[in-house]
Number of protein chains: 2
Amino acid sequence: MDIIISNASGVPIYEQIEEQIKSMIMNGDLSAGDALPSMRLLAKELRISVITTKRAYEDLERDGFIESVVGKGSFVKGINSEIMKESMLFAIEECLEKAVDKAILGKVSLSEMQEMLSIIYEEKKNE
Amino acid sequence: MDIIISNASGVPIYEQIEEQIKSMIMNGDLSAGDALPSMRLLAKELRISVITTKRAYEDLERDGFIESVVGKGSFVKGINSEIMKESMLFAIEECLEKAVDKAILGKVSLSEMQEMLSIIYEEKKNE
DNA sequence: AAAGTGTATATAATGCATATACACAATAAT
DNA sequence: ATTATTGTGTATATGCATTATATACACTTT
């Protein structure tokens with residue numbers, strides 16, 4: 001399981017795990033029925049507490065993406081891919097809104113923002 | 001002093017105050033030497049604690065934007081407007097980076113993002 | 001003296017992350 | 001088959017940092 005944790009970003013660890021697992025499901029790297037790494041194993045790999053992985057899996061279960069059964073493990077559920085895309089777009093929208101709020105306060109123009117966005121996107125694309 | 005506090009955004013109150021005062025300074029609505037509303041008065045207007053306004057003013061003072069003297073009040077300092085613009089752009093950049101991170105995980109294209117950004121900007125511009 | 005400033009101390013509520021112990025299931029050893 | 005072991009998910013109590021607060025203090029002006 002290729003999950004990368006960044007402590008610098010300010011994003012909670014459990015949220016980073018959630019995002020990346022959701023992305024794997026959406027992109028077909030994980031399919032319905034597939035077993036996720038156990039909470040303990042993932043915690044060991046990432047050198048974090050079991051409770052943090054549990055928190056991530058718990059949220060994913062609450063949102064209907066996975067299912068956990070005691071003694072056996074955690075598994076990907078069958079999911080409406082459209083709904084996932086929607087929720088992903090919504091999260092992006094929230095970030096953009098914050099950026100726009102600041103831009104308007106600072107009298108930064110839309111074209112300036114478009115330029116910044118483009119540069120950042122091209123940078124991040126090749127990582 | 002036209003400061004608007006939003007509890008829904010998740011942004012700390014003191015941070016919202018800081019951003020908006022910085023913006024007023026940068027846009028010339030406040031000039032060097034101008035008196036800010038007293039911590040108590042602002043707290044009363046916004047219906048928050050004095051300690052929260054103090055926290056905001058404290059940060060602004062630490063960053064060199066204002067000056068507080070006990071018994072008298074808080075006042076705008078002379079500031080390098082270029083540096084302010086820089087820090088404002090940096091904050092916007094951080095937000096855009098988070099959005100791009102999500103977009104790449106979700107295989108959302110740059111042009112999709114540009115479209116979203118444009119819509120959000122035009123919406124917010126008229127508020 | 002009174003009313004206006006900024007300041008300091010102690011406190012509460014929330015969110016993130018943890019260690020440790022518990023309960024259940026599958027497997028290996030006897 | 002029975003039991004011990006190992007591997008699952010789960011629950012409780014705790015530490016720490018951040019946000020926001022009430023209350024009392026110290027200084028300046030009027």
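The residues of the surface near DNA strand C divide into 10 nonpolar, eight polar and six charged, where Ala, Val, Leu, Ile, Met, Phe, Trp, Tyr, Cys and Pro count as nonpolar, Asp, Glu, Lys and Arg as charged, and the others, Gly among them, as polar. The model is predicted, so that local features need pLDDT of at least 70 and side-chain atom pairs count only at pLDDT 80 or more, whereas totals for chains, interfaces and linings use all residues. Residues are numbered from 1 along each chain as its sequence is written, chains are lettered from A and ligands numbered from 1 in the order in which they are written, and side-chain values use heavy atoms, with hydrogens and water left out.

**DNA strand C**

- Around DNA strand C there are 24 residues, of which A:Tyr14, A:Ile51, A:Thr52, B:Met39 and B:Arg40 come nearest; a residue is near a strand if one of its heavy atoms lies within 4 Å of it.
- Of the atoms of DNA strand C that come within 4 Å of the protein, 64% belong to sugar and phosphate.
- Among the polar contacts, which are pairs of N or O atoms within 3.5 Å (within protein, one must be able to donate a hydrogen and the other to accept it, and residues adjacent in sequence count only if both atoms are side-chain atoms), a polar side-chain atom of A:Tyr14 is placed 2.7 Å from a phosphate oxygen of DNA strand C.

**DNA strand D**

- DNA strand D is surrounded by 24 residues, the closest being A:Met39, A:Arg40, B:Tyr14, B:Ile51 and B:Thr52, and the surface near it divides into 10 nonpolar, eight polar and six charged residues.
- Sugar or phosphate supplies 63% of the atoms of DNA strand D within 4 Å of the protein, and bases supply the rest.
- Phosphate oxygens of DNA strand D lie 2.4 Å from a polar side-chain atom of B:Tyr14 and 2.6 Å from an N or O atom in the side chain of B:Thr52, whereas a base oxygen is 3.2 Å from a backbone N or O atom of A:Gly71.
- H3(B) contributes the most to the surface near DNA strand D, with three residues.

**Protein chains**

- Chain A has five helices and two strands, which run α-α-α-β-β-α-α from the N terminus on.
- Chain A is superposed on chain B by a rotation of 180° with 0.1 Å of shift along its axis, at an RMSD of 0.2 Å, by least squares on the C-alpha atoms of residues with pLDDT of at least 70 in both. That is the relation of a two-fold axis.
- The copies meet through the same surface, because 100% of the interface residues of chain A are also interface residues in chain B, contact meaning heavy atoms within 4.5 Å.

How values were computed. Helices (H or I, at least four residues) and strands (E, at least two) are DSSP runs, numbered from the N terminus.
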